[in-house]
Amino acid sequence: MRAPDLMHTDSRCLRCGPVPPLHVPEHIGAEIVASVVERITATAGSPGTPLWCPWPLLPGWTLTGVAYAGDDRTGVRATAVACAGPAPLGGGPADLVFVAEEPGVGLGTRLAGLAGPDPGPELVDALTDPGPGHPDHVGQARIRVAGHPTPLWLVNSPTDRSAYAGEARGMWLHAIAWPASAGHLLAEDVVLHDLTEWTPPELVYGAPSPYLPGRA
């Protein structure tokens, strides 16, 4: 991505054109989360972009990163929260990233390894799923978002991860898991809470996520 220059006032992706700049703090902790929440709420309309975090955290899991996309002119247009913990099927650690974004931002699709700024084309295929028992059946993840049951559909992604997409509060909601088998976590009782409304003081923080800065 190229930063604004004398010829362009926007940050630009060489493939997608103008995009909001992504801000990823190098460290994670209560003060970092508070600063990102302050940034979101200071530039937000009503309502602003949520900062979706699993709460309560899954057993043994920690919060490993937060990020947002936007600038002073456009406000915050996308957010991401990263968590890490034991993989559901054993074999080492796992990572989950939850992204909330306005249409056209592209943060969720980039982390999911999809082409284009939105998951719409992928969801068209998922929504025409032939149903359980069919060899082409695509499963859903059903989580609770701010107290509401919310379906997420599995979309095509590189084999090193599994990616789900759906909608919450009028914005795209993405859930991306590494390794791919960690997507089974979304079949458990995952509840997402908006940290801009309240940040639990009991949150546990871990080593910074390698995925938010761009390893994906």
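Where in the chain is confidence lowest, and where is it highest? In this predicted model, the lowest mean pLDDT, 46, falls in strand β1 (residues 12-13), whereas the highest, 98, falls in strand β4 (residues 52-54). The legends below take up the whole chain and then several close-up views.

**View 1. Overview of the predicted chain and its confidence.** The chain has 216 residues, of which 44% are buried, and its secondary structure comes to four helices and 12 strands. The average pLDDT of the chain is 85, and 82% of the residues score at least 70. Two stretches should be read with this in mind: over residues 1-14 the pLDDT is below 50, although this stretch has 28 contacts in the model beyond near neighbours in sequence, and over residues 133-138 the pLDDT is also below 50, with eight contacts counted in that way. Of the contacts between residues at least 6 apart in sequence, 58% join residues at least 24 apart. The accessible surface of the chain comes to about 10600 Å², and carbon and sulfur atoms account for 56% of this area.

**View 2. The aromatic pair of W178 and Y211.** The structure holds one aromatic pair. The ring centres of W178 and Y211 are 3.9 Å apart and the ring planes are at 10 degrees, so the pair counts as stacked, for which the planes must be under 30 degrees apart. W178 belongs to strand β11 (residues 171-178) and Y211 to helix α4 (residues 211-215), so the pair ties together parts of the chain that are 33 residues apart in sequence. Both W178 and Y211 are buried.

**View 3. Two cis peptide bonds, each leading from a tryptophan to a proline.** The peptide bond that joins W178, a member of the aromatic pair, to P179 is cis, with omega about -10 degrees. P179 lies in the loop between β11 and β12 (191-194). The peptide bond from W55 to P56 is likewise cis, with omega near 0 degrees, and P56 is found in the loop between β4 and β5 (62-71).

**View 4. The cysteines C53 and C83, without a disulfide.** A disulfide is a covalent bond between the sulfur atoms of two cysteines. The count for this structure comes to zero disulfides. For C53 the nearest cysteine sulfur is that of C83, at 4.8 Å, and for C83 the nearest is that of C53, at 4.8 Å. Because a disulfide requires the sulfur atoms to be within 2.5 Å, neither cysteine is assigned to one. C53 counts as buried at 1% relative accessibility, and C83 is buried too, with a relative accessible area of 1%.

View 5. The side chain of T49 reaches the backbone oxygen of V76 at 3.0 Å. Leaving out residues up to four places away in sequence, T49 touches I40, V76, R77, A78, T79, A100, M171 and T196. T79, one of these, is 30 residues from T49 in sequence, and the two C-alpha atoms are 7.0 Å apart in space.

**View 6. S162 in strand β10.** With a relative accessible area of 9%, S162 is buried. The side chain of S162 reaches the backbone oxygen of A180 at a distance of 3.0 Å.

**View 7. Positive phi angles at A146 and R169.** A146 is not a glycine, yet its phi is positive, at about 50 degrees. A146 sits in the loop between β8 (140-145) and β9 (148-155) and is partly exposed, with a relative accessible area of 39%. R169, also not a glycine, has a positive phi of about 55 degrees. The loop that holds R169 runs between β10 (162-168) and β11, and R169 is partly exposed, with a relative accessible area of 38%.

Conventions
Residues are numbered from 1 along each chain as its sequence is written. This is a predicted model: local features need pLDDT of at least 70, side-chain atom pairs count only at pLDDT 80 or more; totals for chains, interfaces and linings use all residues. Side-chain values use heavy atoms; hydrogens and water are left out. Rings of Phe, Tyr and Trp (its six-membered ring) pair if their centres lie within 6.5 Å; planes under 30 degrees apart count as stacked, over 60 as edge-to-face and the rest as tilted. Helices (H or I, at least four residues) and strands (E, at least two) are DSSP runs, numbered from the N terminus. Buried means under 20% relative accessible area, exposed over 50%, partly exposed in between (1.4 Å probe, protein chains only). pLDDT is the predictor's confidence in each residue, from 0 to 100. Contact means heavy atoms within 4.5 Å. Accessible areas come from the Shrake-Rupley method with a 1.4 Å probe; for residues, only the protein chains shown count as cover. A polar contact is a pair of N or O atoms within 3.5 Å; within protein, one must be able to donate a hydrogen and the other to accept it, and residues adjacent in sequence count only if both atoms are side-chain atoms.
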